[in-house]
Amino acid sequence: MKLTDMTAVELGRAIRERKATAMEAVEAVFSVIEEREAQLHCFVTLDREGALRRAKEVQKQIDAGKLSGPLAGVPAGIKDNLCTGGMRTTCASRILENFVPCYTAEAVERLEQAGAVLIGKTNMDEFAMGSTSETSAFGPVKNPWNPAHVPGGSSGGSAAAVAAGECFMALGSDTGGSVRQPASFCGVVGMKPTYGTVSRYGLIAYASSLDQVGTLCRDVTDTAALLEVIASHDTKDSTSIPRRDTDFTASLQDDVAGMKIGIPRDYFTDGLAPEVRRHVLAAAQALREQGADVEEFDLSLVEYAVPAYYTIASAEASSNLERFDGIKYGYRAGDCQELHEMYKKTRSEGFGEEVKRRIMLGSFVLSSGYYDAYYLKALRVKALIRQAFDAAFAKYDVILGPVAPTTAPLLGESLQDPIRMYLGDIYTIAVNLAGLPAISLPCGLDGEGLPVGLQLIGDCFEEKKLLRTAFTYEKARGMFGNCREVK
């Protein structure tokens with residue numbers, strides 16, 4: 001088996017057993033990058049020399065018995081909105097084009113402590129605002145299954161890099177589905193944990209009450225191993241939650257006998273592509289055959305999730321992005337005669353169209369006379385959505401449904417109709433509003449050979465149930481297609 005066809009855990013085992021080295025793994029992924037990156041554009045920044053230096057250091061620690069974890073020596077990509085000390089962090093925006101942080105995000109630090117080798121920063125939608133990874137100031141990411149299609153967003157670079165073999169695992173961020181939806185479009189496994197499970201320290205904020213660091217991997221075993229590494233209580237993050245049940249790899253059992261799985265009827269109405277419906281329901285049947293009790297139910301409030309999410313997220317974005325003013329750091333416009341002119345010109349030139357659209361929407365809903373009518377009402381809807389999930393989880397262990405209404409659209413389609421792009425998040429955003437964990441994994445291919453994603457949603461702190469269910473389905477499904485053979 002080629003190194004690049006291994007999963008992260010398989011590669012880590014091969015390195016520990018001296019069948020491969022961390023340096024060979026880095027050279028293997030850079031060989032793929034040289035072949036495919038010009039077409040796919042998964043990365044904003046790459047550091048081959050730094051990765052090889054790091055690989056040699058890690059290999060010495062592995063040989064000395066100081067590093068024995070499952071991911072030691074494994075090359076990883078980091079979404080470009082997670083700070084990396086000494087390495088450029090741009091959020092795929094012109095306004096941070098040359099920003100080099102002086103500190104590293106907690107999740108990235110924990111990954112490095114586990115012995116992972118960082119090879120670079122993955123491309124994304126600018127400031128994580130988008131569902132296609134086309135709004136990047138450095139150009140769009142393309143889907144490795146078919147480069148005429150988008151990889152999803154905003155963590156599209158991370159998902160596409162893992163799928164294409166340009167890295168073995170990657171970190172992303174999920175504000176309204178930005179890990180799960182690109183995982184679905186690229187045929188990999190994406191997981192968003194319970195809000196507060198992974199530190200947000202060093203994650204450049206989009207919408208602070210919704211943002212969560214997530215994982216993108218080749219299979220469920222890698223997902224459990226990576227999540228186990230980055231989950232931690234962090235005093236630097238006031239929303240971080242102390243947990244003692246983060247031994248996620250212990251949940252990898254092929255057993256769902258007696259588990260109750262609910263399928264929301266609301267997720268299978270008009271707008272869902274027939275091929276997506278067929279594959280997702282086939283996955284539900286596969287779990288039923290493994291012993292799970294699967295039934296339909298009414299979740300309600302689904303139609304209100306999209307407006308509530310975009311109201312809240314845009315409001316928080318307008319506040320969070322206020323710091324980019326051209327004074328403290330980042331891009332500063334020239335030829336300005338006074339302060340307010342410099343603010344206006346810096347932001348006009350530094351931010352892209354989608355970011356400016358969301359800042360304007362957020363500023364509007366927070367403005368005098370509209371705060372009560374829109375923002376407060378959206379917060380009430382958020383609370384009702386949480387209550388609806390509470391009622392569902394009083395009866396079900398896991399909720400099963402699609403990740404997105406369709407498979408990956410063609411490049412350019414979504415940007416022509418932003419509202420259509422927003423509606424594409426209809427099955428993922430409620431999870432963020434309620435702070436729940438969810439996982440996306442591939443369950444089939446459509447008629448064009450593009451992946452279809454299955455979404456499993458759990459109650460707060462029930463990642464182990466999700467991983468067990470996903471692992472069982474993955475075993476029943478068997479091997480999934482390999483887009484690394486698609487050129």
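This is a predicted model: local features need pLDDT of at least 70, side-chain atom pairs count only at pLDDT 80 or more; totals for chains, interfaces and linings use all residues.
Is cysteine 83 buried or exposed? Cysteine 83 is buried, with a relative accessible area of 2%.

1. Disulfides. The structure holds 0 disulfides. Cysteine 42 is in no disulfide, and its nearest cysteine sulfur belongs to cysteine 186, 7.9 Å away. Cysteine 42 is also buried, at a relative accessible area of 0%.

2. A disulfide needs the two sulfur atoms within 2.5 Å.

3. Aromatic pairs. The count comes to 15 aromatic pairs. One of them joins phenylalanine 127 and phenylalanine 351, with 5.8 Å from centre to centre and 70 degrees between the planes. This pair is edge-to-face, because its planes are over 60 degrees apart.

4. Phenylalanine 127 and phenylalanine 351 are 224 residues apart, so the pair links distant parts of the chain. Phenylalanine 127 lies in the loop between β3 (117–122) and α5 (156–164). Phenylalanine 351 lies in the loop between α10 (339–350) and α11 (353–365).

5. Burial of that pair. Phenylalanine 127 counts as buried, at 2% relative accessibility. Phenylalanine 351 is buried too, with a relative accessible area of 5%. Both values fall under the 20% limit for a buried residue.

6. A tilted pair. Phenylalanine 364 and tyrosine 370 form another aromatic pair, at 4.3 Å centre to centre and 35 degrees between the planes. Phenylalanine 364 counts as partly exposed at 37% relative accessibility, and tyrosine 370 counts as partly exposed at 36%.

7. Arginines over rings. The charged end of arginine 88 sits over the ring of phenylalanine 138, 5.5 Å from the ring centre. Arginine 347 lies over the face of tyrosine 343, and here the distance to the ring centre is 5.4 Å.

Definitions and conventions:
Residues are numbered from 1 along each chain as its sequence is written. Side-chain values use heavy atoms; hydrogens and water are left out. Rings of Phe, Tyr and Trp (its six-membered ring) pair if their centres lie within 6.5 Å; planes under 30 degrees apart count as stacked, over 60 as edge-to-face and the rest as tilted. Helices (H or I, at least four residues) and strands (E, at least two) are DSSP runs, numbered from the N terminus. Buried means under 20% relative accessible area, exposed over 50%, partly exposed in between (1.4 Å probe, protein chains only). A charge sits over a ring if NZ of Lys or CZ of Arg is within 6 Å of the ring centre and within 35 degrees of the ring normal.
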